[in-house]
Amino acid sequence: MKIDELINDESFQRWLSGNASDAEKQKWDDWLKLENQNQKIYRAAKNVWTAAQFHPAPAPNVDDELIRLQNRLGLDSNQAAILHIPSNVENKSGGIKSKSFNWLHAAAIAAGFILAIISYQLFTS
């Protein structure tokens with residue numbers, strides 16, 4: 001049996017993860033003892049299977065990462081204050097945004113409307 005065949009075998013995967021039935025455990029234990037070559041194939045397949053397993057990574061601490069960035073950039077406290085994002089202001093998608101963005105965004109929309117009205121009046125007169 002080849003390594004890729006073993007890794008794709010669901011029974012073998014259950015055996016490696018400890019979720020195999022008693023019959024599957026017996027099958028793979030017997031297979032492992034059958035030939036010395038099977039042990040080599042098993043070790044190689046287990047290494048590949050283990051490396052392919054995904055483990056959840058913890059979410060980074062935003063405040064700690066910001067401090068690390070400020071330190072890497074060599075910013076003093078006054079310069080670092082420019083990068084500060086209030087952590088208590090969240091947008092609808094759950095992300096963080098500053099309050100000034102709301103006013104700036106609203107002002108830009110209002111200015112666009114005013115400009116459109118003035119342009120319309122100038123070209124229709």
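**Figure 1. Glu 24 sits in helix α3.** The model shown is predicted. Glu 24 has a relative accessibility of 14%. Buried means under 20%, so Glu 24 counts as buried. Beyond its neighbours within four places in sequence, Glu 24 is in contact with Ser 11 and Arg 14.

**Figure 2. Helix α3 has a buried side and an exposed one.** Four residues of α3 are named here as buried: Glu 24, Trp 28, Trp 31 and Leu 32. Viewed down the axis of α3, these buried residues fall within an arc of 100°, so they line one face of the helix. The face turned away from that buried side carries Asp 22, Ala 23, Lys 33 and Leu 34, which are exposed. Cover for the buried residues of α3 comes from elements including α1 (3–8), α2 (10–17) and α4.

**Figure 3. The length of helix α3 agrees with its residue count.** Helix α3 has 13 residues. At 1.5 Å a residue, α3 should span 18 Å.

**Figure 4. Helices α3 and α4 pack against each other.** Helix α3 covers residues 22–34, and helix α4 covers residues 36–52. From α3, the contact uses Trp 31, Leu 32 and Leu 34. From α4, the partners are Asn 38, Gln 39, Ile 41 and Tyr 42. By class, this contact of α3 with α4 has five nonpolar residues, two polar residues and no charged residues. Trp 31 and Leu 32 are also among the buried residues of α3. Leu 34, by contrast, is exposed, on the face turned away from the buried side.

**Figure 5. The whole chain sets the close-ups in context.** The chain has seven helices and zero strands. Along the sequence, the pattern reads α-α-α-α-α-α-α. Buried residues make up 15% of the 125 residues in the chain. Among contacts with a separation of 6 or more, 34% join residues 24 or more positions apart.

How values were computed. Residues are numbered from 1 along each chain as its sequence is written. This is a predicted model: local features need pLDDT of at least 70, side-chain atom pairs count only at pLDDT 80 or more; totals for chains, interfaces and linings use all residues. Side-chain values use heavy atoms; hydrogens and water are left out. Axes are lines fitted to C-alpha atoms, for helices over the stretch in contact, and angles run from 0 to 180 degrees between N-to-C directions. Helices (H or I, at least four residues) and strands (E, at least two) are DSSP runs, numbered from the N terminus. Contact means heavy atoms within 4.5 Å. Ala, Val, Leu, Ile, Met, Phe, Trp, Tyr, Cys and Pro count as nonpolar, Asp, Glu, Lys and Arg as charged, and the others, Gly among them, as polar. The expected span of a helix is 1.5 Å times one less than its number of residues. Buried means under 20% relative accessible area, exposed over 50%, partly exposed in between (1.4 Å probe, protein chains only). The arc is that of the directions from the helix axis to the C-beta atoms.
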